[in-house]
Amino acid sequence: MNESSHSRSTRGFTLIELLVVLAIVSLLLTLAVPRYFQSIDTSKEIVLIENLRIVRETIDKFYGDNGRYPESVEELVDRLYLRSLPFDPMTESVSTWILVPPKNSSKGKVFDVKSGADGLTRDGRSFKDL
């Protein structure tokens with residue numbers, strides 16, 4: 001083996017080869033990243049709907065047991081109906097829930113909960129209307 005063929009095989013990649021690889025990687029990223037963020041938003045929406053369902057069922061159970069609605073969502077935790085306050089994934093907080101009182105205010109203060117998040121779901125509904 002002569003000197004020129006040996007040094008040529010150990011030099012590494014050319015600039016053109018590196019640019020082609022970078023172009024392929026960037027093309028793959030432009031396809032994958034939007035789908036990734038869309039799946040994150042979809043997951044947050046599903047978690048929000050499930051958290052709302054659980055809290056609403058818990059409020060109904062509380063009413064069935066006590067004949068009144070809770071005074072706050074914290075009462076559900078204090079009376080061990082919930083282990084902890086649910087997390088609103090859209091606002092990333094446990095304190096942004098909108099509390100809806102019952103029509104008869106002598107029966108308690110929390111008839112329903114809604115998300116305090118601004119914005120719309122994938123199907124165009126407001127998060128506050130879920």
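## Side-chain contacts in the predicted model

The side chain of Ser72 makes a polar contact with the side chain of Glu74 at 3.3 Å, a polar contact being a pair of N or O atoms within 3.5 Å, of which, within protein, one must be able to donate a hydrogen and the other to accept it, while residues adjacent in sequence count only if both atoms are side-chain atoms. The structure is a predicted model, in which local features need pLDDT of at least 70 and side-chain atom pairs count only at pLDDT 80 or more, whereas totals for chains, interfaces and linings use all residues. Residues are numbered from 1 along each chain as its sequence is written, and side-chain values use heavy atoms, with hydrogens and water left out.

Ser72 is placed in the loop between α2 and α3, where helices (H or I, at least four residues) and strands (E, at least two) are DSSP runs numbered from the N terminus. From C-alpha to C-alpha, Ser72 and Leu99 are 8.1 Å apart in space, although 27 residues separate them in sequence.

Helix α2 holds Thr58, a residue that is buried with a relative accessible area of 8%; here buried means under 20% relative accessible area, exposed means over 50%, and partly exposed lies in between (1.4 Å probe, protein chains only). The side chain of Thr58 reaches the backbone oxygen of Ile54 at 2.8 Å. When its neighbours within four places in sequence are left aside, Thr58 is in contact (heavy atoms within 4.5 Å) with Leu76, Tyr81 and Leu82.

Four aromatic pairs are found in a search of the whole structure. The rings of Tyr63 and Tyr69 form a stacked pair, because their centres are 4.4 Å apart and their planes stand at 25 degrees; rings of Phe, Tyr and Trp (its six-membered ring) pair if their centres lie within 6.5 Å, with planes under 30 degrees apart counted as stacked, over 60 as edge-to-face and the rest as tilted. Tyr63 is partly exposed, at a relative accessible area of 28%, whereas Tyr69 counts as buried at 12% relative accessibility. Tyr69 also pairs with Phe111, and here the ring centres are 5.2 Å apart and the planes at 85 degrees, so this pair is edge-to-face. Since Tyr69 lies in the loop between α2 (15-66) and α3 (73-78) and Phe111 in the loop between β1 (98-100) and β2 (112-114), the pair ties together parts that are 42 residues apart in sequence. Phe111 counts as partly exposed, with 42% relative accessibility, and ring pairs link Tyr63, Tyr69 and Phe111 into a cluster.

Charged side chains were examined next. Side chains of opposite charge can pair when their charged atoms come close. The structure holds eleven salt bridges, each being a side-chain nitrogen of Lys or Arg within 4 Å of a carboxyl oxygen of Asp or Glu. One of them joins the side chains of Lys44 and Glu92 (3.5 Å, N to O), and this pair links distant parts of the chain, with Lys44 in helix α2 and Glu92 in the loop between α3 and β1, 48 residues apart. Lys44 counts as partly exposed at 28% relative accessibility, while Glu92 counts as exposed at 54%.

Arg53 forms a salt bridge with Glu50, in which the closest N and O atoms are 2.4 Å apart. Because they are three residues apart in helix α2, Arg53 and Glu50 are separated by about one helical turn. Both residues count as partly exposed, Arg53 at 37% relative accessibility and Glu50 at 33%.

A further salt bridge is made by the side chains of Glu71 and Lys109 (4.0 Å, N to O). Glu71 lies in the loop between α2 and α3 and Lys109 in the loop between β1 and β2, so this pair ties together parts that are 38 residues apart in sequence. Glu71 is partly exposed, with a relative accessible area of 38%, and Lys109 is exposed, with 52%.

On the surface, a nonpolar patch is formed by Leu15, Ile16, Leu19, Val20, Leu22, Ile24, Leu27, Leu28 and Leu31, which together have about 930 Å² of accessible area. Patches are made of residues with over 30% relative accessible area and no salt bridge, like charges being joined within 9 Å and nonpolar side chains (Val, Leu, Ile, Met, Phe, Trp, Tyr) within 5 Å; accessible areas come from the Shrake-Rupley method with a 1.4 Å probe, and for residues only the protein chains shown count as cover.
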